[in-house]
Amino acid sequence: MSKSRIQAVFYSVAALISLAGLAEATYLTVLNLTGETAVCGGSASCFQVLGSAYAKIFGIPVAGLGAVAYFSAFSFSTFAAFGYVRARTLLALTASGMFAVTLWLLYVQAFVLHAFCRYCLFSAALIFLLTGIVVINPQRD
Amino acid sequence: MKRHAPFIIVALVALLTVGGATTLYRAKRPAALTIGKDHPAKTESGESTHVLGSPNAPVTLEEFGDFQCPPCGALSSPINQLEHDYQPRLRVIFRHFPLATHAHAQAAAVAAEAAGMQGRFWQMHDLLYREQAIWSKATDVSELFNSYAGLLGLNINQFKKDTASDKTKERVESDRKQAAALGIQNTPTIFLNNRAVPPSDLNPASLRAAVDELLKKDSSSK
């Protein structure tokens, strides 16, 4: 398999991961805006996280910011898969930012709120995967 | 064509995301609920609902709640505090709306009604919310609820009989029917003088501000 082909596969997987994250973050944003409370299915720790002051930044749901970040990651991955070199740098920058924010949010859940939300953990797993793909891509120029 | 492909894919995903989000928002958006003047302050069987405060209070806070819903639990103490701070100008009404997604919500509502049969509805209401995190995770809640009844000094045998009776279940069902008739979908749904409080204002500070506003209007209209 040629070098560019392998790169295209890597970035396509990154795009798919971003797409899953985009769907989840969009869903959570909408539920946050409508005030849906059944989203946690009765899980007190889930509500504790999603209903905390950390779930919003300047009145904007963190999930909404996550959706924007995932959409950016998806766009850059797609362009990178089609050979746009600058998109790779932008994807690396976006993934690094998302990784840093995820570490902060995991810290908040573990040591400040002492509660975890399954949606946040799923998102963290996606971002770790995304960062891993960007970092370990062995065929980078 | 290949040059344009990423642009087309990204645009398509953007459109699908916005379209999906809009559709979901419309489906989940709470309607601007209001309670009509003919809304009864009694259950179908003619019994009065659970009311705290003066019947002549100018402001009425009516909650449709679910004992297993964490946001309802989070608002329970602040609402009690409001009633305490504003008496006799605020009255609080509680109605049941146990969600099907909460495994023990119906049993908790029935337990509160059974406690109400012995004049301890509000005490059980407060206890259920305070202990929510514990009984929500239990597999068999009936033993726990019996112990709560004991804690409140209720006649346990009567409490057990009442939880098993149709009367308590009918009271819960009557509230649920009213909630359905009003188009309520989420808990807590709170009405202030028959007007639904927006979900974004379901927090202690906003509720207090809304009560203040209604009291101000009431005093200026006199």
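# Helices, a hairpin and a buried alanine

In this predicted model, α3(B) passes α7(B) in a right-handed crossing. Let's work through that spot and a few others.

**Exercise 1. Find out how α3(B) and α7(B) are oriented to each other, and which residues meet there.**

*Solution.* 
- Step 1: Locate the two helices. In chain B, α3 covers residues 105-117 and α7 covers residues 156-164.
- Step 2: Look at the axes. They sit 8 Å apart, and the packing angle is about 130°.
- Step 3: Only angles over 145 degrees would count as roughly antiparallel, and 65 to 115 as roughly perpendicular, so α3(B) is oblique to α7(B).
- Step 4: Pick out the residues. From α3(B) come B:Val110, B:Ala111, B:Ala114, B:Ala115 and B:Met117, and they meet B:Phe159, B:Asp162 and B:Thr163 of α7(B).
- Step 5: Sort them by type. Six are nonpolar, one is polar and one is charged.

**Exercise 2. Trace how β2, β4 and β5 of chain B pair up.**

*Solution.* 
- Step 1: Start with β2(B), residues 59-65. It pairs with β4(B), residues 189-192, in the antiparallel sense over four bridges.
- Step 2: Find a facing pair. B:Glu62 has B:Phe191 of β4(B) opposite it.
- Step 3: Move on to β5(B), residues 195-196. This strand also runs antiparallel to β4(B), with two bridges.
- Step 4: Check B:Phe191 again. It stands opposite B:Ala196 in β5(B).
- Step 5: Inspect the turn. β4(B) and β5(B) make a hairpin with two residues between them, and B:Asn193 in that turn has a positive phi of about 45°.

**Exercise 3. Decide whether A:Ala15 is buried or exposed, and say what it touches.**

*Solution.* 
- Step 1: A:Ala15 belongs to helix α1 of chain A, residues 3-34.
- Step 2: Count its surroundings. There are 24 other C-beta atoms within 10 Å, and 20 or more is enough, so A:Ala15 is buried.
- Step 3: List the contacts. Leaving aside residues up to four places away in sequence, A:Ala15 touches A:Phe74, A:Ser77, A:Thr78 and A:Ala81.
- Step 4: Compare sequence with space. A:Ser75 is 60 residues from A:Ala15 in sequence, yet their C-alpha atoms are 7.5 Å apart.

**Exercise 4. Sum up chain B as a whole: how many helices and strands does it have, and how much of it is buried?**

*Solution.* 
- Step 1: Count the elements. Chain B has nine helices and five strands.
- Step 2: Read their order from the N terminus: α-β-β-α-β-α-α-α-α-α-α-β-β-α.
- Step 3: Take the buried share. It is 36% of the 222 residues in chain B.

Notes
Residues are numbered from 1 along each chain as its sequence is written. Chains are lettered from A and ligands numbered from 1 in the order in which they are written. This is a predicted model: local features need pLDDT of at least 70, side-chain atom pairs count only at pLDDT 80 or more; totals for chains, interfaces and linings use all residues. A residue is buried if 20 or more other C-beta atoms lie within 10 Å of its own, exposed if 12 or fewer, and partly exposed in between; C-beta atoms are placed from the backbone. Axes are lines fitted to C-alpha atoms, for helices over the stretch in contact, and angles run from 0 to 180 degrees between N-to-C directions. Angles under 35 degrees count as roughly parallel, over 145 as roughly antiparallel, 65 to 115 as roughly perpendicular and the rest as oblique. A crossing is left-handed if the near helix is turned anticlockwise from the far one by less than a right angle, and right-handed if clockwise. Two residues are in contact if their C-beta atoms, placed from the backbone, lie within 7 Å. Ala, Val, Leu, Ile, Met, Phe, Trp, Tyr, Cys and Pro count as nonpolar, Asp, Glu, Lys and Arg as charged, and the others, Gly among them, as polar. Two strands pair if DSSP finds at least two bridges between them.
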